[in-house]
Amino acid sequence: MTGMPLRAVAAMMCLAALGNAPALAQSAADAGGAPVCPVPDDLTSGIRAEYADGGTVEIRAAGPGEIAFVETAPEAGPDDPGLSFLSRLGLYDTEVWETTGALAANPDRMLRYDYTEDPAKLPSPVSGESWLGGVTTIWPDGSRGCETAVYVFGRTDRRTIGGCEYVAMPVKASFMQGDDWVAQDFLYFPDLGFAVATGINDNDRAQPFWRALARMTPIAR
């Protein structure tokens, strides 16, 4: 699974039990000069995050505090289905679905997540704090699976990514059900209002899988 988008890994673990992506808009990066650094207003038309291995994720505003993601694996071809996510702040996913032609959602390959709190009230990251709660996965047939979730918010610092400087906070989210667990790492950008996945581990892995974030650029309007 090392070539799979990070957010997709945990979802595909579930979707596989039921049994990557469309062309992306051109980036607004200035190829010959200074990098074009994203600002919060760019979420309307979209921000493209690129990993060092060639994977990408398109990020767009989907409502107050809600972020939509479309992830593409490095090796994905034009006919591969994509994976889309609806998320609170890029940290608390509420829906994930596999897309077919023209980004149509496949209802037979869609998962929904219920939290023990209203998603709108789930906490924004604050350095040194954490959130403990429950997450219920709702499968396409209506069956449910419950997990304990723990989010730990790290120390904010400044990072240079692709020639742009950002305020960033590491976040680790762990999901546990019996002896099974998945831990995901994120970088949360408080000035932009979303998080990007950077690592994953689970009880079946010999070591964590990391992906370096190479740059983020606004998508041309």
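This is a predicted model: local features need pLDDT of at least 70, side-chain atom pairs count only at pLDDT 80 or more; totals for chains, interfaces and linings use all residues.
Local features need pLDDT of at least 70 and side-chain atom pairs 80 or more, while totals for chains, interfaces and linings use all residues. Residues are numbered from 1 along each chain as its sequence is written, and side-chain values use heavy atoms, without hydrogens and water.

**Disulfide**

The structure holds one disulfide (a pair of cysteine sulfur atoms within 2.5 Å). Cys-37 and Cys-164 form the link, S to S 2.0 Å. The link is left-handed, with -90 degrees about the S-S bond. Its ends lie 127 residues apart in the chain. Helices (H or I, at least four residues) and strands (E, at least two) are DSSP runs, numbered from the N terminus.

Buried means under 20% relative accessible area, exposed over 50%, partly exposed in between (1.4 Å probe, protein chains only).

**Strand pair**

Strands β9 (residues 157–161) and β10 run antiparallel, joined by five bridges; pairing requires at least two DSSP bridges. Asp-157 stands opposite Ala-168 in β10. Two residues separate the strands in this hairpin, where Gly-162 takes a positive phi near 60 degrees.

**Core**

The largest nonpolar core has 42 residues. Such a core is a set of buried Ala, Val, Leu, Ile, Met, Phe, Trp, Tyr and Cys residues joined through side-chain atoms within 4.5 Å. Ile-59, Tyr-151, Phe-189, Phe-194 and Met-216 touch the most other members. Strand β10 (residues 164–177) supplies the largest share of this core, seven residues. Not counting residues up to four places away in sequence, Phe-189 touches Ala-168, Phe-194 and Met-216, among others (contact: heavy atoms within 4.5 Å).
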